[in-house]
Amino acid sequence: MAEPENNLQISSSIDETNNNHKHKKKNKHDKKRPRDIVEEEEEDENVNNTHSNGESSKKKKKKNKKKDGENEVEVENELEEKKVKNNSGSGIMSNESFDSLELSKSTSKAIMDMGFQNMTQIQARAIPPLLNGKNVLGAARTGSGKTLAFLIPAVELLHKLKFNPRDGAGVVVICPTRELAIQTHDVAKELLKYHSQTLGLIIGGSSRKTEAQDLAKGCLIIDEADRILEANFEDELKQILKILPKDRQTALFSATQTQKIEDLARLSFQETPIYIDVDDGRKKVTNEGLLQGYVIVPCAKRFMVLYSFLKRHQTKKVMVFFSSCNSVKFHADIFNHINLHCASIHGKQKQQTRTTTFFDFCKAENGVLLCTDVAARGLDIPDVDWIVQYDPPDEPKEYIHRVGRTARGEGGKGNALLFLIPEELKFLCYLKEAKVPVKEYAYDEKKVANVQSHLENLVGENYFLNKMAKEAYRSYILAYNSHSMKDIFSVKRLDLQDVATSFCFSNPPNVSININTSNQRKNTRKVDGSRHGFNPNNPYGKRNADDKRQFVRH
């Protein structure tokens, strides 16, 4: 494997580091002492003459010195960062105010209460055509205000039509995850604060009777549109579209535009929509205040490096992404077992648990949230300092959505770290092609916590941890085998001994893995409406044989 370009050198003192840009470029054999990011934060509180490189979170600014255009920072107890140059961009804001839209007094007052005066670029370009009844296909980077871009026209539509609960559902907003639906519902609730119209939330996992009543309180809007089809909801979506009026207004929004979006557009739009892409022509698709890097870690050491990183950053707000629910469950349990407290969100949890965890993490000033991609889309979690992608995403656009949980909004700052094993380096080419700038980080092996033998004994002696570790190990291999980029993520190139080590086993566990069919697992879910008994001949779904009730609107 070729060595990365511009390997970081080590210097003997911080003073030498501070004066680096005053001297000529040193010989590549000159050494510079690695600096710890936590130490730098402490220095920042006492030193005022340092130069900021824009790597600050909303709570603390981390100021690092420049050397030949690159930063040298030890991320965690080991990561040495190369500088990411800030691109000069116009940001997400426009110069147009919400007053220019001539909205109703009720909506304008609600927006004022929310603290907004000027629109973002996607709002300034998408709201006017939506208010005029046009269909819109919108694309804008994460954290750019897409939710208000479609909710404001929706609320105004209901207001102008003098819509009331007896009229049924006037606007349907479809989101790919429950957490995003909850968040969108909360924003809509704020917008409707001074209106008479009502709204409901239907997310599953709760009382179907209550949700049916909410829906009856009653345009089509699809948020994170590309994810809808990828989540295997294509059949359900087709059913929804069939029962909606053909004479309707439709809007689709996402941070990324893909073939799935084109497929969904053909399904959803009755006529050609207005396409709005506010980021077209930008040099990079991620936010300006986001510092992104990758670290090459041998598979056997992945767990130790992650543990060491999280241990050092316990005062930060960190999200860690995994490829499977079982992997999230195992890592959350073993971390908590060794007093590294963290929360978790994944698709196999009960809805109440997911909702509570989500809101608790939103309110927290610091903490660690382990999650799958159910938390990768649209969620607006305040002040996230770090996004760690422990398991690489399925493709670059998923990377973009994951890192979009930090550095949100105008002037937002944040950090992203991608774990790669040496065999996965080709993934960087795809990121570069997708206009995602990442720089290499390194770690000091001497500072990686040496707790492997302790954890192997713990997993070997604890039945429940052992069971979860086996399930996580199996799920990791199946997820790896189902990866869309098989030229990079080939399960045949994995060293199963090293993989087992990363799940705290001394030897590969005896588990059943059928990798010949695992790549079909994402497409096995076929739904024709029969799961709940809904079909054209039985629109009321499953019910007892003696239930002869008919439902009507009042």
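I take a salt bridge to be a side-chain nitrogen of Lys or Arg within 4 Å of a carboxyl oxygen of Asp or Glu. The model I examined is predicted.

**Entry 1: R408 and D380.** I looked up this pair and found that the two side chains meet in a salt bridge, at 3.0 Å from N to O. The pair links distant parts of the chain, with R408 in the loop between α14 and β17 (414–420) and D380 in the loop between β15 and β16, 28 residues apart. I noted R408 as buried, because its relative accessibility is 15% and the limit for buried is under 20%. D380, at 43%, counts as partly exposed.

**Entry 2: R377 and E398.** I then turned to R377, which forms a salt bridge with E398, the closest N and O atoms being 2.9 Å apart. R377 lies in the loop between β15 (367–371) and β16, and E398 in helix α14, so the pair ties together parts that are 21 residues apart in sequence. I recorded a relative accessible area of 1% for R377, which is buried, and of 4% for E398, also buried. I found R377, E395, K397 and E398 linked in a network of salt bridges.

**Entry 3: R302 and D391.** I counted ten salt bridges in the structure. One of them joins R302 to D391, with the closest N and O atoms 3.0 Å apart. R302 is in helix α11 (residues 302–312) and D391 in the loop between β16 (386–389) and α14 (396–403), 89 residues apart. Both residues, R302 and D391, are buried.

**Entry 4: N135.** I located N135 in the loop between α4 (121–131) and β7 (136–139). N135 is buried, with a relative accessible area of 7%. A polar atom of the N135 side chain lies 2.8 Å from the backbone nitrogen of T250.

Notes
Residues are numbered from 1 along each chain as its sequence is written. This is a predicted model: local features need pLDDT of at least 70, side-chain atom pairs count only at pLDDT 80 or more; totals for chains, interfaces and linings use all residues. Side-chain values use heavy atoms; hydrogens and water are left out. Helices (H or I, at least four residues) and strands (E, at least two) are DSSP runs, numbered from the N terminus. Buried means under 20% relative accessible area, exposed over 50%, partly exposed in between (1.4 Å probe, protein chains only). A polar contact is a pair of N or O atoms within 3.5 Å; within protein, one must be able to donate a hydrogen and the other to accept it, and residues adjacent in sequence count only if both atoms are side-chain atoms.
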